[in-house]
Amino acid sequence: MDDMNPRCGWCNLSNPVYVAYHDAEWAVPSHDDHHLFEMLVLETFQAGLSWETILNKRERFRQAFDGFDIERIRSYDENKIAELMDDPGIIRNRRKIVATVGNANAFRDIQTSYGSFDDYIWQFTGRRVIYETGMTMSRLSDAVAADLKAHGMRFIGTTIVYAYLQSIGVINAHEPGCFLHRER
């Protein structure tokens, strides 16, 4: 690779997909509900696995989950769930697939209540980015996870939520030494 920018230690420099994600997407504030939903789905599937595994399957997830179209996912029935369970290109975990359908409904309910999921998720920080490194959970992720569960989401815990908040830029956790690291 020609690019000599130092990156976070977790970024596999031999995987161009991972490097592109690190450089252009991770910790970049997102305010697009479609992207916010996509990342929530992917972070749910990441539970117990490496993010690189999920990232490498992201395009197949997009195809299998109808481009992360929330309305289509809300209508998934047992036939669609069985189809997803037979897809070797995604993580075939029935509990995560079923949770994704239920979470799509909860996501839509939150959008209806708050005007957008963006307004909902960013209210926890007053629309400010939090800069911190070296953590996998925090009081913020505890609070968001509890609130998401209260809204009916499943397969959502504080560690998943912390990773989600990083992925959508609510938390910027680029490590010291990374060319994208900032203190504020």
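A: F107 and F117 are both buried, a term for a relative accessible area under 20%, whereas exposed means over 50% and partly exposed lies in between (1.4 Å probe, protein chains only). The model is predicted, so local features need pLDDT of at least 70 and side-chain atom pairs count only at pLDDT 80 or more, while totals for chains, interfaces and linings use all residues. Residues are numbered from 1 along each chain as its sequence is written, and side-chain values use heavy atoms, with hydrogens and water left out.

The rings of F107 and F117 have centres 4.1 Å apart and planes at 15°, so they form a stacked pair. Rings of Phe, Tyr and Trp (its six-membered ring) pair if their centres lie within 6.5 Å; planes under 30 degrees apart count as stacked, over 60 as edge-to-face and the rest as tilted. F107 lies in helix α7 (residues 94–114) and F117 in helix α8, 10 residues apart, so the pair links distant parts of the chain. Helices (H or I, at least four residues) and strands (E, at least two) are DSSP runs, numbered from the N terminus. Ring pairs also join F37, F107, Y114, F117, Y120 and F124 into a cluster.

The axes of α2 and α7 are 10 Å apart, at an angle of about 150°; axes are lines fitted to C-alpha atoms over the stretch in contact, and angles run from 0 to 180 degrees between N-to-C directions. The two helices are therefore roughly antiparallel, as angles over 145 degrees count as such, those under 35 as roughly parallel, 65 to 115 as roughly perpendicular and the rest as oblique.

From α2, residues including F37 and Q46 take part in the meeting with α7, where F107 and K96 are among the partners. Contact means heavy atoms within 4.5 Å. Q46, in helix α2 (residues 33–46), is buried, with a relative accessible area of 16%. Leaving aside neighbours within four places in sequence, Q46 is in contact with W51, I54 and K96.
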